[in-house]
Amino acid sequence: MRVLIVGAGVAGLAARRALVRRGFTVKVIERNRSAGAGGAGLFLPGNGVRALCDLGLREGLFRLSHAVNSQRFYNERGRLLLSVDTNEYWRDVASCRSIRRSDLWQLLNDGMDPDDIEFRQIVDISSNNQGCHVYFADGCMDDFDLVIGADGVNSAVRGLTFKQAASPEYVGNVCWRFIVPNTCSVDEWSVMLGADRSLLAKPISKTELYIYADMSVDQASAGDYSYETPLLPLFEAIAGPLRPALELSSEAVVHFAELVRLWMGTWYQNRVALVGDAAHASPPSMAQGACLAIEDALVLAEELAATPGIEIALGRYQSRQKVRADWVHRQCAARDKMRRLPPAVRNGLLRFAGGAIYRRSYSLLKKPL
Ligand SMILES: Cc1cc2nc3c(=O)[nH]c(=O)nc-3n(C[C@H](O)[C@H](O)[C@H](O)COP(=O)(O)OP(=O)(O)OC[C@H]3O[C@@H](n4cnc5c(N)ncnc54)[C@H](O)[C@@H]3O)c2cc1C
């Protein structure tokens, strides 16, 4: 079977790895020559770590990533509302880690043939139940048995194949991310919750902190913000011990994003399937986008190897993973709604029921794939 993967992000590289391990012939195309070079960090809850281990990457992952032993939630004055012992909660799955995006990219590429990735773009796909004709921007055409759209939230594969698909929808938050030296002595995942904004720090190595800051902004005003927006004035009132990290933001490479979600009723059509954000982008409230992308890759490869008939395999892939992605969508919406409650109500909920809410929100994702 000849497989084309469009996009060499987390989903595409994980899909390549999972398919190559099962003996498929895979070609990957990517539009961005510096893909994998930038980005800030990622938190990987236990299910994401389990998926990377299932891809055979346990040793490299534990070398490149940093342990997340607990998640601590503080109010805007620095009072601890909730501390989750992640080792205890995820014990039966895998421990939680944090990692630089560029390190995850390298990890997923480890041992793979670099020539598998070509820097090209598609302009059209014509697919039926026999295969796909793929037309490239350089004028070439090639045939594949299966095309996997792993090209992110603004997927060209989705646009070319799923004409009726909804577009990504803004969820009402903008965010900034950067990595700075850990001058705040923060030793665990810690979030400061303000009324309409939050500031999150996670150690990403022994000496560095990954900072994520977000703020509720209506769609019309989102364009007023960018990676250049000075962050100290926006977040100093809730920063508490994270203030030194905020001060360093002016010297860091800052990434800015308007947060979106994408929900689709179906992830495959004929011989084209979507994985990762192309199929189910969600805001990062559950830190699940990359985790689900890696899970998608494992499940898709497993079904293609085990099931006679590509479309049956695609149907089985969708029915196994969509339930998890839809769950994440619902949990993200619930978390974002809770964050927008009046601070006194939200803080009370976190103090008295936060542990139970946390445990429930990840319960489905702890289950085996
Ligand atoms: C602010 C923020 C914080 C996040 N934090 C976390 C976290 O802590 N934990 C977690 O698990 N997830 C997190 N996520 C989600 C995670 O980043 C994404 O879900 C994940 O990167 C999706 O991977 P992907 O490969 O599907 O898409 P992408 O990472 O977007 O990769 C798509 C790739 O396809 C390429 N491409 C695009 N179009 C084309 C084309 N036409 N032709 C060829 N190539 C193309 C792109 O250049 C890119 O390399 C976060 C997301 C955001 C926005």
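Where does the shell around the ligand lie, and which domains give residues to it?

## The ligand between two domains

This is a predicted model. Domain 1 (2–168 + 262–366) gives residues to the shell around the ligand, and domain 2 (169–260) does too, so the shell lies between them.

The ligand is surrounded by 34 residues. G7, G9, G152, G276 and G289 are the closest. By class, the shell has 19 nonpolar, ten polar and five charged residues.

Several helices and strands each supply at least two residues of the shell. The helices are α1 (10–21), α10 (277–280) and α11 (289–306). The strands are β2 (25–30), β3 (41–44) and β13 (169–181). The largest share comes from α11, with four residues.

## Overall build

The protein has 13 helices and 19 strands. Its radius of gyration is 20 Å, close to the 21 Å that the globule rule gives for 369 residues, so the protein is as compact as a globular protein of that length. Along the principal axes, its C-alpha atoms fill a box of roughly 60 × 45 × 35 Å.

Now look at contacts along the chain. Take those between residues at least 6 apart in sequence: 73% of them join residues at least 24 apart.

The domain assignment gives domain 1 (2–168 + 262–366) and domain 2 (169–260). Taken over C-alpha atoms, the centres of domain 1 and domain 2 are separated by 23 Å. The contact takes 27 residues from domain 1 and 27 residues from domain 2.

Consider the side of domain 1 that touches domain 2. Here β3, β4 (66–68), β5 (70–75) and β7 (96–100) each supply at least two residues. β5 gives the most, with six residues. This side of domain 1 has twelve nonpolar, ten polar and five charged residues.

Of the 369 residues of the protein, 46% count as buried. In soluble globular proteins, nonpolar side chains tend to be buried together.

How many residues does the largest nonpolar core have? It has 106 residues. Those with the most contacts inside this core are A14, A15, V147, A273, V275, I294 and A297. α11 gives the most to this core, with eleven residues. Domain 1 (2–168 + 262–366) and domain 2 (169–260) each give at least three residues to the core.

Take A14 as one example. Leaving aside its neighbours within four places in sequence, A14 is in contact with L55, L108, A293, I294 and A297.

Note on methods: Residues are numbered from 1 along each chain as its sequence is written. This is a predicted model: local features need pLDDT of at least 70, side-chain atom pairs count only at pLDDT 80 or more; totals for chains, interfaces and linings use all residues. A residue is near a molecule or strand if its C-beta atom, placed from the backbone, lies within 6 Å of it. Ala, Val, Leu, Ile, Met, Phe, Trp, Tyr, Cys and Pro count as nonpolar, Asp, Glu, Lys and Arg as charged, and the others, Gly among them, as polar. Domain bounds come from an automatic or database domain assignment. A nonpolar core is a set of buried Ala, Val, Leu, Ile, Met, Phe, Trp, Tyr and Cys residues joined through C-beta atoms within 7 Å. A residue is buried if 20 or more other C-beta atoms lie within 10 Å of its own, exposed if 12 or fewer, and partly exposed in between; C-beta atoms are placed from the backbone. Two residues are in contact if their C-beta atoms, placed from the backbone, lie within 7 Å. The radius of gyration is taken over C-alpha atoms; the globule rule is 2.2 Å times the number of residues to the power 0.38.
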